[in-house]
Amino acid sequence: MIVTPTIPQSQAYHDFADQRTFFGIPSALNVISNFPFLIIGLVGLVLCFYPDDYFRFSLRGEKLGWTCFFVGVTAVAFGSSYYHLHPDDARLVWDRLPMTIAFTSIMAIFVIERIDEHKGTYSIVPLLLAGLVSILYWRFFDDLRPYALVQFVPCIVIPLMAILLPPMYTHSTYWLWAAGFYLLAKVEEAADKPIYSWTHHIISGHSIKHLCAAMVPVFLTLMLAKRTVQTERISLYKTWKISWTRSRGKGSEEESFECTYSNVAVEETR
């Protein structure tokens, strides 16, 4: 904040490629493409509490963290749709607020599972407040730096934590699938107009971005449904390292066998 200049909200951000009206809905595809968030958000909320804790949470604070996440995902459907009906800064608040709830909840969940259960639980509210403050700071001071921090730091930290820190549960690779789809969504958002042109004005990059971003909670919901508590906590990095070492060991054994076989064949020929 001291060494970087302010980042004002560009008004060109609201100029989306696809502004067509269908069935009386302005920017119809940008609005309708938010529907998957509503579905997966509600499914996640239901499974958090019924039937009998379907996700089988075993750590204190997990249920609260995931509930906040799925509330944020559900709210994205309403906030983003409201914004795209008439894009401007005032409505953009309601688009970004649910996303910050989801981002900060995920950070707290990672701390709960991979660092410290109690600290993670106590971090849920402060992290949610940090997200809220970043939105308010942007709105009142027209400076996106705190919001950029809240949005992009998790994009870097979460994949790193997923790889380097040992998980309590199985199916950790789903985190990386989720991160991959979110990265793809950001690329599509940046290429909104080129994608609209490439598809001959069928669909824009921003509409596809919504669909890809909705895959994030889809993968995380699948992970919650499939995972079990690991008997031995090993990070993905160590797992990959062990697999690589074993594969190299097998390769060395095969080479050694081939050399021995060749030497024997030479001796027999002599």
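**Notes on cysteines, core and helices**

1. Starting with C68: this residue is buried, at a relative accessible area of 16% (buried is under 20%, exposed over 50%, partly exposed in between, using a 1.4 Å probe and protein chains only). C68 is in no disulfide, and the nearest cysteine sulfur, from C48, sits 9.9 Å away. A disulfide here needs a pair of cysteine sulfur atoms within 2.5 Å. C155 is in no disulfide either, with the nearest cysteine sulfur, that of C212, at 14 Å. C155 counts as partly exposed, at 30% relative accessibility. The overall count by this rule is zero disulfides.

2. Before going further, the ground rules: this is a predicted model, where local features need pLDDT of at least 70, side-chain atom pairs count only at pLDDT 80 or more, and totals for chains, interfaces and linings use all residues. Numbering runs from 1 along each chain as its sequence is written, and side-chain values use heavy atoms, with hydrogens and water left out.

3. Now the core. The largest nonpolar core has 45 residues, and W66, F69, I106, W175 and L220 have the most contacts inside it. (Such a core is a set of buried Ala, Val, Leu, Ile, Met, Phe, Trp, Tyr and Cys residues joined through side-chain atoms within 4.5 Å.) Helices that each supply at least two of its residues include α3 (62-85), α4 (89-114) and α9 (205-226); helices are DSSP runs (H or I, at least four residues), numbered from the N terminus. The largest share, 10 residues, comes from α4.

4. What does I106 touch, leaving aside its neighbours within four places in sequence? I106 is in contact with W66, F69, I158, W175 and L220, where contact means heavy atoms within 4.5 Å. Another core, of seven residues, lies apart from the largest one, and L59, C68, I112 and M168 are among its members.

5. On to α2. The buried residues of this helix are F37, L38, I40, G41, G44, L47 and C48, and they pack against α3 and α9.

6. Last, A225, which is found in helix α9. A225 is partly exposed, with a relative accessible area of 27%. Setting aside neighbours within four places in sequence, A225 is in contact with Y54, F55 and R56. A225 and K241 are 16 residues apart in sequence and 27 Å apart in space, C-alpha to C-alpha.
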